[in-house]
Amino acid sequence: MSDTVEGGRRTVRFRNDTPIMHFFSIQSAAYAVTRDRWRDVDLAVYYHPTHAYNVDRMVTAMKGSLDYFTERFSPFQFKQLRILEFPAYRSFAQSFANTIPYSEGIGFVATYDEPDKIDLVTYVTAHEVGHQWWGHQIIGAGMQGMTLLVETLAQYSALMVMEQMYGPHQIRKFLKFELDNYLRSRGGELIEELPLERVEDQQYIHYQKGSVAMCLLKDVLGAEAVNRALRGLLSEYAFKAAPYPTSRDLIRHLRAQANPEQQALITDLFERITLYDAKVTSAVKTHRSDGQWDVVVDVDARKLYADGEGRKTDATLDEPFDVGVFTAEPGRRGFDDSDVVLFERRPIRSGAQQLRVTVSVEPTFVGIDPYNKRIDRNSEDNVRGVDLSGI
Ligand SMILES: [Zn+2]
């Protein structure tokens with residue numbers, strides 16, 4: 001608005017186009033700047049002049065995020081969006097109104113020489129841009145479940161951008177990383193593990209469990225239904241003062257978009273601590289005289305509910321699971337869409353059971369929930385190599 005120097009002191013006044021939270025960040029440095037545009041929004045990345053390595057990747061992620069979120073959620077509320085590097089004294093990025101301070105140590109100096117590496121720069125950028133909606137357009141009530149509305153929805157937003165950029169068959173890499181982190185961390189919980197709807201500021205729940213839960217929800221309800229629920233939440237609460245939304249309001253909007261058979265999944269994902277234990281115990285292929293391959297897959301599956309101290313009780317499992325047949329191992333180096341021979345949903349129940357499929361290409365791996373969309377106590381044994389029969 002104004003920029004004046006008086007008595008050796010520079011005074012700059014800013015005014016935003018839309019209401020913002022009383023929450024802002026100031027950086028000052030001898031920056032290099034990369035500028036770009038997305039529609040009528042000015043994009044900028046401010047960085048240390050020798051740290052240009054991933055700036056283009058960040059700009060691409062900003063554009064991909066704005067594309068997805070404005071089309072599916074609601075319009076972007078500002079005319080500018082900026083990322084600003086800060087030194088690696090701390091390793092985080094944080095979203096303020098149209099401004100994202102971003103540590104040198106979390107993306108600016110990362111290298112992407114190995115093709116296997118998770119694209120954390122895109123993931124983090126999309127997550128932070130997502131907060132312009134989740135945390136800035138809507139602000140959760142200061143109570144249990146608040147970070148479900150902020151962090152879990154930013155994780156979901158980031159996963160959707162990753163899926164758009166890398167395709168649905170690359171999602172295991174990200175989900176397995178999140179799931180393994182959740183499983184490791186819940187073992188170290190000192191007080192009480194809470195379900196997502198009552199999460200305190202517990203990072204392993206609102207980030208890691210949140211990602212996996214939202215991904216399965218999106219798979220079962222469809223992205224359209226989940227995004228309709230999020231639009232409903234935004235239209236009810238965006239830019240409004242108290243009463244602020246709670247996790248119950250999000251769950252109410254999700255339930256409104258789910259059919260009667262899908263309600264139990266919402267209960268399991270948000271209101272309970274639900275764990276699965278699905279594994280492939282053996283997989284055998286036989287070459288048929290017509291050139292096709294019969295594959296017999298032995299599966300063992302369980303579903304459990306846990307309480308806050310980790311005590312588990314068995315639950316009856318009877319749900320459709322993803323089943324995949326592949327010519328390479330999902331989530332590993334070189335795995336791509338051409339390695340997916342068959343991918344479909346099959347009903348899975350508690351205990352041992354056998355699945356049979358016939359495919360036209362010789363398979364090398366099979367999996368039950370092969371991309372780790374469920375909170376499974378062991379993310380490794382869902383996928384197994386296929387043996388040749390008679391050996
Ligand atoms: Zn966040």
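Let's start with an open sheet, whose four strands follow the order E11-E10-E13-E14 with antiparallel pairing. At its edges lie strand E11 (340–349) and strand E14 (383–385), each of which pairs on one side only. From one strand to the next, the twist averages 20 degrees. Here, strands pair if DSSP finds at least two bridges between them; helices (H or I, at least four residues) and strands (E, at least two) are DSSP runs, numbered from the N terminus.

What you are looking at is a predicted model, where local features need pLDDT of at least 70 and side-chain atom pairs count only at pLDDT 80 or more, while totals for chains, interfaces and linings use all residues. Residues are numbered from 1 along each chain as its sequence is written.

Within the sheet, strand E10 (residues 318–326) runs antiparallel to E11 and is joined to E11 by nine bridges. To find your place there, look for Asp322, whose bridge partner in E11 is Arg345.

Now turn to the helices. Helix H2 (residues 120–130) and helix H3 (residues 146–166) have axes that come within 8 Å and cross at roughly 130 degrees. Axes are lines fitted to C-alpha atoms, for helices over the stretch in contact, with angles from 0 to 180 degrees between N-to-C directions. H2 and H3 are therefore oblique to each other (under 35 degrees is roughly parallel, over 145 roughly antiparallel, 65 to 115 roughly perpendicular, and the rest oblique).

On the H2 side, Thr122, Tyr123, Ala126, His127 and Gly130 meet residues of H3, among them Leu153, Ala158 and Met165; contact means C-beta atoms, placed from the backbone, within 7 Å.

Key:
Two residues are in contact if their C-beta atoms, placed from the backbone, lie within 7 Å.
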